[in-house]
Amino acid sequence: MTPKSFSISPDPDTKVNFRAATAHVRDAEIYNHDKPIYLSSRHRGIRVKLDIGYILIERKWFSTKKK
Amino acid sequence: MSSSRKSGFEEYVSYRPTPEMLAKIQETVKEIVEECVDKKLEKALSKLLDEKLEKVIQKLLEEKEKKTEPKIVTLEKIPMEEAIKRIEEYIDLHQGCLTSDIIYDLALDPDLVIQALKKLEKDKSVRGENIDS
């Protein structure tokens, strides 16, 4: 079980913003791929319905070892 | 179709072949026959047909198996020390990799990977960077 500090379960009707994430889900359905929606005033994207799972907010990892 | 060829066919195909498979087999047979007739190698025709058909059927069956049975990645839980070692090696080789890359390439449990990364970052063995726009 993930410690609580690494995992949250937001209440329904919560908008989760992220720059990069990977969804680990039982099923995913893409809606109207040919009809993009506005994510913000500048960005457009698609709508994906996700069923049971979690979203992992991504980070980039680098080694600190000097070669 | 000779008896030996029929038995070979039955050995590999224990179910009804798909139309795509049959079309591919027919196309291969046509190619082989044309090739042999051109070269006047009628005697070798039967042997060639057996060999080539077996290869084609085997290949088609492998392709069908790949399509129908998706490979399921099992994300396993291993001892934390072992996970830390593997993750550290992976990051050494893949600078700038994402958390999900580590999870899926090493096939490790996401909870385990996150905890191991936090520990490695605390020990200053690796450096995590948020992805900003």
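Me: What covers the buried residues of H6(B)?
Reply: Quick ground rules: the model is predicted, with local features needing pLDDT of at least 70 and side-chain atom pairs pLDDT 80 or more, while totals for chains, interfaces and linings use all residues. Residues count from 1 along each chain as its sequence is written, and chains are lettered from A and ligands numbered from 1 in the order in which they are written. Going by contacts (C-beta atoms, placed from the backbone, within 7 Å), the cover includes H4 (80–93), H5 (99–106) and S2 of chain B, together with, from chain A, S1, S4 (47–57) and S5.

Me: Which residues of H6(B) are buried?
Reply: Buried takes 20 or more other C-beta atoms within 10 Å of a residue's own, exposed is 12 or fewer, partly exposed is in between, and C-beta atoms are placed from the backbone. For H6(B) that gives Pro110(B), Leu112(B), Val113(B), Ile114(B), Ala116(B), Leu117(B) and Leu120(B).

Me: How far apart are the end C-alpha atoms of H6(B)?
Reply: Helices are DSSP runs of H or I with at least four residues, strands are E runs of at least two, and both are numbered from the N terminus. The expected span is 1.5 Å times one less than the number of residues. H6(B) has 13 residues, so it should span 18 Å, and its end C-alpha atoms agree at 18 Å.

Me: At what angle does H6(B) run to S2(B)?
Reply: Axes are lines fitted to C-alpha atoms, for helices over the stretch in contact, and angles between N-to-C directions go from 0 to 180 degrees. H6 (residues 110–122) lies across S5 of chain A together with S2 of chain B, and its angle to S2(B) is about 110°.

Me: What is the strand order in the open sheet of three strands?
Reply: Pairing needs at least two DSSP bridges between strands. S5(A) pairs antiparallel with S2(B) over five bridges, and with S1(B), also antiparallel, over two bridges. The edge strands, each pairing on one side only, are S1 (97–98) and S2 of chain B. That makes the order S1(B)-S5(A)-S2(B).

Me: Which element gives the largest share of the side of chain A that touches chain B?
Reply: Here 16 residues of chain A are in contact with 22 residues of chain B. Elements giving two or more residues to the chain A side are S1 (21–31) and S5 (59–63). The largest share, five residues, comes from S5(A).

Terms used:
Contact = placed C-beta atoms within 7 Å.
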